[in-house]
Structures are given as C-alpha cells and as structure tokens.
Amino acid sequence: MAEPWIRVHANLLSKPVVGRAAEALGVSRHEAIGLLVTFWGSVSQHATNGQVSSFSDSQLEAWAGWTRKRGKFAAFIRSAHLDVDGRVNEWDDYAGKL
C-alpha cells in the first residue's frame, strides 16, 4: 500500500500558521514546522477526512510528537487550527486532494 501524502508549502516558514503555532507553543518556527508537519502526516493516516475533534488531547499530541506540557499542543490545535466542523483548517485544499 502506498504511503499517504500531504502538501507542504515550499515557503512554510513564512506562513501565518507557523508563526501562530510557534508563539502559542513557545517554540521556534522551525520546531513548529516539525510539529505541524508530523501532526498533518499522522492525520492523513488516521483521520483521512481531517476530522480530529473526537480524538483525545493525548492522541493529537502523540501524532505530533509533542513532549512538553501536556495539553498545550492539543489546545493550540483545538483553538486555532480546526474549522467549525472540527476538521483541520483547509484540509481538503492540502491533503484531501491527494
């Protein structure tokens, strides 16, 4: 079976989502990129429609590889990275088309 793919912008470092994540999580923009890309990749394997609202905080954080204060990464995802339906923002534009 082929591995799932996600789209990642070549200029991801300058994207607002990275700045928001870095600030909210207290990490560098480069670390935020690693956390987000790892999270998005895991979502593409476990929640192919991008719907993650029903997953536990610990599951979201495990998918990202978050090892710092419990609940902090999940809180960022839930408050700033999901649409009103509990799906990862713009999921269809990035991973859904693949």
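Predicted model: local features only at pLDDT ≥ 70, side-chain atom pairs only at ≥ 80, totals over all residues.
Local features need pLDDT of at least 70 and side-chain atom pairs count only at pLDDT 80 or more, while totals for chains, interfaces and linings use all residues. Residues are numbered from 1 along each chain as its sequence is written, and side-chain values use heavy atoms, with hydrogens and water left out.

**View 1. The overall fold has five helices and zero strands.** Helices (H or I, at least four residues) and strands (E, at least two) are DSSP runs, numbered from the N terminus. The C-alpha trace spans about 35 × 30 × 25 Å along its principal axes. Buried residues (under 20% relative accessible area, 1.4 Å probe, protein chains only) make up 37% of the 98 residues.

View 2. Glu-61 is buried yet has no salt bridge, a salt bridge being a side-chain nitrogen of Lys or Arg within 4 Å of a carboxyl oxygen of Asp or Glu. Arg-70 is the nearest side chain of opposite charge, 5.4 Å away; Lys and Arg count as positive and Asp and Glu as negative, with His and the chain ends not counted.

**View 3. The side chain of Glu-61 faces the backbone of Phe-73.** A polar atom of that side chain lies 3.1 Å from the backbone nitrogen of Phe-73.

**View 4. Glu-61 has contacts beyond its sequence neighbours.** Contact means heavy atoms within 4.5 Å. Leaving aside neighbours within four places in sequence, Glu-61 is in contact with Trp-66, Lys-69, Arg-70, Gly-71, Lys-72, Phe-73 and Ala-74.

Technical notes: Buried < 20%, exposed > 50% of the residue type's maximum accessible area, 1.4 Å probe, protein only. Polar contact = N/O pair within 3.5 Å; in protein donor to acceptor, adjacent residues only side chain to side chain.
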